[in-house]
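Colleague: Please take one part of this model and look at it closely. I would like the side of one chain that touches the other, and the elements that lead into it.

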Amino acid sequence: MIPEIGHYALILALSLAIIQAIIPLAGSYTNTHSWMALSRPLVWGQLLFLTLSTVVLANAFLANDFSVIYVAQHGNTKLPDLYKISAVWGAHEGSLLLWAFLLAAWSAAIAFFSRNLPLPVVARVLSVMGMISIGFLLFLLLTSNPFDRTFPVPFEGRELNPMLQDPGLAIHPPLLYMGYVGFSVAFAFSIAALLGGKLDASWARWSRPWTTVAWVFLTVGIALGSWWAYYELGWGGWWFWDPVENASLMPWLVGTALMHSLAVTEKRGAFKSWTVLLALFAFSLSLLGTFLVRSGVLTSVHSFASDPERGVFILIFLLVAIGGSLMLYAWRAPYISGGGRFDLISRETFLLGNNLLLSVLAGLILLGTLAPLIYDAMEWGKISVGFPWFNKMFVLLTPFLALLIGVGSISRWKHTDAAFLVKQLRVAFVVSLAFGLLTLLPLFSDGNLMVGLGMGLAMWVVTSHLVNVKERLKHKAGFNGFLRDLSGGGRSYYGMILAHMGVAMFIVGVTMVSNYGIEQDIRMSPGDTADIAGYEFKFEGVSEFPGPNYNANRGRFLISKDGEQIAILQPEKRTYFVQTRPMTEAGIDWGLTRDLYVSLGESLGGGDWSMRLYYKPYIRWIWIASIFMGLGGLLAITDRRYRTVRKRASSTSTLTAGSMNPAAAESHS
Amino acid sequence: MNPIRKKRLYLIGMMVAGVGVAAWLALNAFDENLMFFFSPSEIAEGKAPTGHPFRVGGLVSNNSVKRKPDGLTTAFDVTDNAETVTVEYTGILPDLFREGQGIVALGQLNESGIFVASEVLAKHDENYMPPEVADSLKTAHDEGVNEMQQVSVQ
């Protein structure tokens, strides 16, 4: 009976979504206040019913209700409670439910935090959110109902995929989805603005914090996924250019471009059409990502056909959402007024360069990811795009991004003197060049140009931002000025600095681990030792070890350096009871400057095992970088001007140009 | 031409040139990095290139997995139930590698017709069949059925 309540709640949520998509929007055109005012209660209602639905599904897992097919497929009585809950979003149906739930949550957040927005804008934005919600709820109800029952009821569930039984992956999908769904807000604001024909600085200011929050979630979500792949798959890699990963990277790249372009639109009123386009694409790519990952479209067009109902629905949904919004854009964009003028050497130009590079990167990944599909559909043969291609493209383009980051953030809006830039940045440039050359010396990399390039660029990002901060504080009376700055209007500035420091860390991490990482496949007998990068790995043998829902072969390694023992690693090879598949659990000794990593291969008889030993220098920096970026984003949205706007907006019903706001004019020189 | 137009033209020119160069480089490198997929039957027909990497996929034949004395090099047969090709791989095989399982291997053919793999993939799902493998099995099966029908007609 209880699962039917969840199902019923889904239907009710759909009904509310349909009303939400139509009535407030109609009200915004006929200026009917009561219709527009309906949008908020409708959103609360949707959130309520979708929460109910999600809780019911989680409860079915916790109560081992195997009469529900989805629970029977992914639940099990022996599954630890944490994974029973994460099993809710462990597969197709449940993850779509999570999507719909998060969409309702974001809608509710808009409804709650938009008290001071003009009502017609709120009504339109929430209507657009309602339309997206209709798509997802229909998809759930028509093709992927998580509450479907089965009879006879199985005695035991088939259990969650053991790979997903991991704390990191329990929270990875919700974070990623928070990011995907979060871009729906920028999308809804853009559509609403296109509908209303009013794209001004205030529109950009409203969209900005939402976009940043979504971006932060996506950043951390992707990093978490990468970290999980690193320690769980036992391959020691952090990025595989797998279609699933690419699907999340594309919205991230476009979302990053959007964040920067929104800055220009807010501050200077320029790039309006471009910003809207980016907002549409960021969300479209999120939709594409969601569906491609779960539907298996990307592995092959044939698996697409294996569930034609879902495939056709996805195609129609994508067509309506992407095609419809682009058509609206084509219709309305010509009426968007051009923004403020800017010179060739100005922050606008550099940000344009950043946008262009990020978009080109996203486009290339799209090409590489969809090429196998296209080739197959055209019957040109079955292909895959090797990951060396993706690497090559990134190494080709990202150095320009890193160069621009330093120049763009220090240059002024509208016009910057070339002489000013040279004066400010020449020291940073010389230091970075020297540092890059230094790393080429035999002592460090012995002429490895990639190392020189990477380290030089990282140094450039750091030093150019140091100059930037120094320049800012020069006018603010030193350290006290810094504190005053941080307590209010300067937070978005320091958020930017923090996030860009993350970029520098990322470059260091990638450069070091790609050029100095060591990987060795080896056969070892108990008592054998292996030496890697000055670390001695002593293999002490493998013994059996029982787990809650698996049996493990647990290896034991003593790691020592210069004769001194520094760690004991215990990698495992697990066999899960239900799904009977072997799983590798790596043994990792982590450190800021290096990870030591052991993963077991297979038993070769006589106590011998094949195994993989890794030395991974600075790999942690890659993920720590994402924390810096995330914190930077969070700091930026606490900036005073977003709060001031709300207070101001309540006093004046029609808010216009952002330049009227003193808080905004003050920050960012 | 007025100076604003001129500036804008510069900017657009630079953008177009930049994107153009990037696209040209990307597409050039793209062709080199394309890896085609061939089934054991296609390799037997000589369709697969020698001296250029490609992918081969199929089921690991039963009782074909042999380990060399170093413990790290493995040789096994991959079949689409019509033809087989011998694959050699040095390193640790994925968790789900076993006889009867569908796999995809990346590598090249050597002179003696052995496929030397640099990577072996077995998907992380017990029931999952790499789509190319499923497809080539189906093709081989269909051809077999056709031949039998022709025989019975005669």
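Modeller: What follows starts at the contact between the chains and then works through the elements around it. Keep in mind that this is a predicted model.

Start with the contact itself. On chain A, 36 residues are in contact with 30 residues of chain B. Helices and strands of chain A both take part. The helices that each supply at least two residues are H12 (301-306), H14 (347-377) and H15 (387-410). The strands that do so are S1 (383-385), S2 (518-524), S8 (582-585), S10 (594-605) and S11 (608-617). H15(A) gives the largest share, six residues. By class, this side of chain A has 15 nonpolar, twelve polar and nine charged residues.

One of these elements pairs directly with the partner chain. S1(A) joins strand S1 (residues 34-38) of chain B in the antiparallel sense, over three bridges. Look at A:Val385 there: B:Leu34 in S1(B) stands opposite.

Chain B holds three helices and seven strands. Along the sequence they follow the pattern α-β-α-β-β-β-β-β-β-α. Chain B has 154 residues, and 30% of them count as buried. Among its contacts with a separation of 6 or more, 54% are between residues 24 or more positions apart.

Back to chain A, and to H14(A), which supplies at least two residues to the side touching chain B. H14(A) also packs against helix H10 (residues 243-268) of chain A, at an angle of about 160° and with the axes 9 Å apart. That angle is over 145 degrees, so H10(A) is roughly antiparallel to H14(A). The crossing is left-handed. From H10(A), the residues that make the contact include A:Leu249, A:Met250, A:Leu253, A:Val254 and A:Ala257. From H14(A), they include A:Leu351, A:Leu358, A:Leu361, A:Ala362 and A:Ile365. In all, the contact has 13 nonpolar, eight polar and two charged residues.

S2(A), S10(A) and S11(A) each supply at least two residues to the side that touches chain B. They also belong to an open sheet of four strands, in the order S2-S11-S10-S9 (chain A), with antiparallel pairing. S2 and strand S9 (587-589) of chain A are the edge strands, and each pairs on one side only. Neighbouring strands are turned by 20° against each other on average, direction ignored. Within the sheet, S10(A) and S11(A) run antiparallel and are joined by nine bridges. A:Leu600 has A:Met611 in S11(A) as its bridge partner. In a regular strand, side chains alternate between the two faces of the sheet.

Last, a further run of paired strands in chain A. Strand S3 (residues 529-532) and strand S4 (residues 535-546) run antiparallel, joined by four bridges. A:Ile532 stands opposite A:Tyr535 in S4(A). The S3(A)-S4(A) hairpin has two residues between the strands, and A:Ala533 takes a positive phi near 50°. S4(A) then pairs with strand S5 (residues 550-561) of chain A, antiparallel, through ten bridges. Here A:Phe539 stands opposite A:Phe557 in S5(A). S4(A) and S5(A) form a hairpin too, with three residues between them.

Conventions:
Residues numbered from 1 in each chain as written. Chains lettered and ligands numbered in written order. Predicted model: local features only at pLDDT ≥ 70, side-chain atom pairs only at ≥ 80, totals over all residues. Contact = placed C-beta atoms within 7 Å. Nonpolar A, V, L, I, M, F, W, Y, C, P; charged D, E, K, R; others polar. Pairing = 2+ DSSP bridges. Axes fitted to C-alpha atoms, helices over the stretch in contact; angles between N-to-C directions. Parallel < 35°, antiparallel > 145°, perpendicular 65-115°, else oblique. Left-handed = near helix turned anticlockwise from the far one by under 90°. Buried ≥ 20, exposed ≤ 12 C-beta atoms within 10 Å, placed from the backbone.
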